Amino acid sequence: MSTVAEPIDQILYRPEEAAIVLRIGRSMVYEEMRLGRLQTVRIGRRRLVPPEYIAQYVELLKREAEAAS
């Protein structure tokens with residue numbers, strides 16, 4: 001039996017994990033991060049994506065889709 005508690009919900013995603021959640025490529029995640037469209041937090045040199053920033057990014061995509069139609 002493990003003494004380490006398993007997290008129920010992930011608090012921060014690595015960019016590779018965010019790509020899986022968003023169902024886009026890793027390079028696209030890094031490009032969106034570079035453009036400031038997908039926000040991140042920094043811990044040392046690592047960039048991590050909280051779930052609420054993923055949700056904000058999805059809302060941005062929805063607004064852009066509505067504006068284009």
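Q: What secondary structure does the chain of this predicted model have, and in which order do the elements run?
A: The chain of this predicted model comprises three helices and two strands. From the N terminus on, these elements follow the order α-α-β-β-α.

Q: What makes helix 1 and helix 2 roughly perpendicular to each other?
A: Helix 1 (residues 15-22) packs on helix 2 at an angle of about 105°, and their axes are 8 Å apart. Angles of 65 to 115 degrees count as roughly perpendicular, and the two helices are therefore described as roughly perpendicular to each other. On the side of helix 1, the contact is made by Pro-15, Glu-16, Ala-18 and Ala-19; helix 2 contributes Arg-26, Val-29, Tyr-30 and Met-33.

Q: How many residues of each class are in the contact of helix 1 with helix 2?
A: The contact has six nonpolar and two charged residues, and no polar ones. Glu and Arg count as charged, and the contact includes Glu-16 of helix 1 and Arg-26 of helix 2.

Q: Which residues of helix 1 are buried, and what do they pack against?
A: Pro-15, Glu-17, Ala-18, Ala-19 and Leu-22 are buried in helix 1. The buried residues of this helix pack against helix 2, strand 2 (46-48) and helix 3 (51-68). Arg-23, with a positive phi near 60°, follows helix 1.

Q: Why is Thr-40 called buried?
A: The relative accessible area of Thr-40 is 18%. Buried means under 20%, so Thr-40 is classed as buried. Thr-40 is located in the loop between helix 2 (26-35) and strand 1 (41-43).

Q: Which residues is Thr-40 in contact with, leaving aside its neighbours within four places in sequence?
A: With those neighbours set aside, Thr-40 is in contact with Met-33, Arg-47, Leu-48, Val-49 and Tyr-53.

Q: What makes the pairing of the Thr-40 and Arg-47 side chains a polar contact?
A: The side chains of Thr-40 and Arg-47 are joined at 3.4 Å. A polar contact requires a pair of N or O atoms within 3.5 Å, one able to donate a hydrogen and the other to accept it; the pair formed by Thr-40 and Arg-47 is accordingly a polar contact.

Q: What share of the contacts with a separation of 6 or more comes from residues 24 or more positions apart?
A: Such residues account for 42% of those contacts in the chain.

How values were computed:
Residues are numbered from 1 along each chain as its sequence is written. This is a predicted model: local features need pLDDT of at least 70, side-chain atom pairs count only at pLDDT 80 or more; totals for chains, interfaces and linings use all residues. Side-chain values use heavy atoms; hydrogens and water are left out. Helices (H or I, at least four residues) and strands (E, at least two) are DSSP runs, numbered from the N terminus. Contact means heavy atoms within 4.5 Å. Buried means under 20% relative accessible area, exposed over 50%, partly exposed in between (1.4 Å probe, protein chains only). Axes are lines fitted to C-alpha atoms, for helices over the stretch in contact, and angles run from 0 to 180 degrees between N-to-C directions. Angles under 35 degrees count as roughly parallel, over 145 as roughly antiparallel, 65 to 115 as roughly perpendicular and the rest as oblique.
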